[in-house]
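Here is a short briefing to read alongside the structure. Take a moment to look the fold over, then follow the points below topic by topic.

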Amino acid sequence: GGAHPGVVVARNVEDYVALTLALVRSEKKRKAVRKALLDARESSPLFDVPLWTRSFEAGLSMALDSLAGLEGSRDGSLAPSLPAHLIVSRPPSSLPSGTQL
């Protein structure tokens, strides 16, 4: 609703069930959601495949760098100083699509 007609957000299980039922019951609502998604393709980071690809590649590179630190470990277990997860931050939106990081 509100500023983004057709956009659906479920904040909890009850919202999810209510939205699902509303979409099942209303062709008008389904069409509005479809239109909102199609309209967002050009401007939403959700559909920015080059950005996703660069972020995924950065994550793989970070994982490889972390694993390189395990080579000296005798049993191959994770060293306590290595992170158990990786955080790949999103590059600034001012970067044009295709910019090499």
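The secondary structure amounts to 3 helices and 0 strands. The points below start with the whole chain and then visit the helices in turn.

**Confidence**
- The mean pLDDT of the protein is 74, and 63% of its residues reach at least 70.
- Helix α1 has the highest confidence, with a mean of 93, while the lowest belongs to helix α3 (residues 49-68), with a mean of 84.
- A word of care for the remainder: where pLDDT is low, the predicted coordinates should not be read in detail.

**Surface and contacts overall**
- The protein has 101 residues, and 9% of them count as buried.
- Its accessible surface is about 8400 Å², and carbon and sulfur atoms supply 60% of that area.
- Among contacts with a separation of 6 or more, 46% are between residues 24 or more positions apart.

- Val13, Tyr16, Val17 and Leu21 together make a nonpolar surface patch of about 390 Å².
- Is Val17 buried, exposed or partly exposed? Its relative accessibility is 42%, so Val17 counts as partly exposed, lying between the 20% and 50% limits.
- Leu23 is also a residue of helix α1, and with 22% relative accessibility it counts as partly exposed. Buried would require a value under 20%.
- Which residues does Leu23 touch, leaving aside those up to four places away in sequence? They are Lys29, Arg30 and Val33.
- For Leu23 and Val33, which are 10 residues apart along the chain, the C-alpha atoms are 8.8 Å from each other.

**Helix α2: salt bridges**
- Searching the whole structure turns up 2 salt bridges.
- Glu27 and Lys31 form a salt bridge in which the closest N and O atoms are 3.4 Å apart.
- Both Glu27 and Lys31 belong to helix α2 (residues 27-40), where they are 4 residues apart, or about one turn of the helix.
- The two partners fall into separate accessibility classes: Glu27 is partly exposed at 47%, whereas Lys31 is exposed at 54%.
- Lys35 and Asp39 also meet through their side chains in a salt bridge, with an N to O distance of 2.7 Å.
- How far apart are Lys35 and Asp39 in helix α2? They are 4 residues apart, so about one helical turn separates them.
- Asp39 has a relative accessible area of 47%, which means that this residue is partly exposed.

- A pair of aromatic rings is described by the distance of the centres and the angle of the planes.
- The protein has 1 aromatic pair by this rule. In that pair, the ring centres of Trp52 and Phe56 are 5.0 Å apart and the planes meet at 10°, so the rings are stacked; the cut-off for stacking is an angle under 30 degrees.
- Trp52 and Phe56 are both in helix α3, with 4 residues, about one turn of the helix, between their positions.

Technical notes: Residues are numbered from 1 along each chain as its sequence is written. This is a predicted model: local features need pLDDT of at least 70, side-chain atom pairs count only at pLDDT 80 or more; totals for chains, interfaces and linings use all residues. Side-chain values use heavy atoms; hydrogens and water are left out. Patches are made of residues with over 30% relative accessible area and no salt bridge: like charges are joined within 9 Å, nonpolar side chains (Val, Leu, Ile, Met, Phe, Trp, Tyr) within 5 Å. Accessible areas come from the Shrake-Rupley method with a 1.4 Å probe; for residues, only the protein chains shown count as cover. A salt bridge is a side-chain nitrogen of Lys or Arg within 4 Å of a carboxyl oxygen of Asp or Glu. Buried means under 20% relative accessible area, exposed over 50%, partly exposed in between (1.4 Å probe, protein chains only). pLDDT is the predictor's confidence in each residue, from 0 to 100. Helices (H or I, at least four residues) and strands (E, at least two) are DSSP runs, numbered from the N terminus. Rings of Phe, Tyr and Trp (its six-membered ring) pair if their centres lie within 6.5 Å; planes under 30 degrees apart count as stacked, over 60 as edge-to-face and the rest as tilted. Contact means heavy atoms within 4.5 Å.
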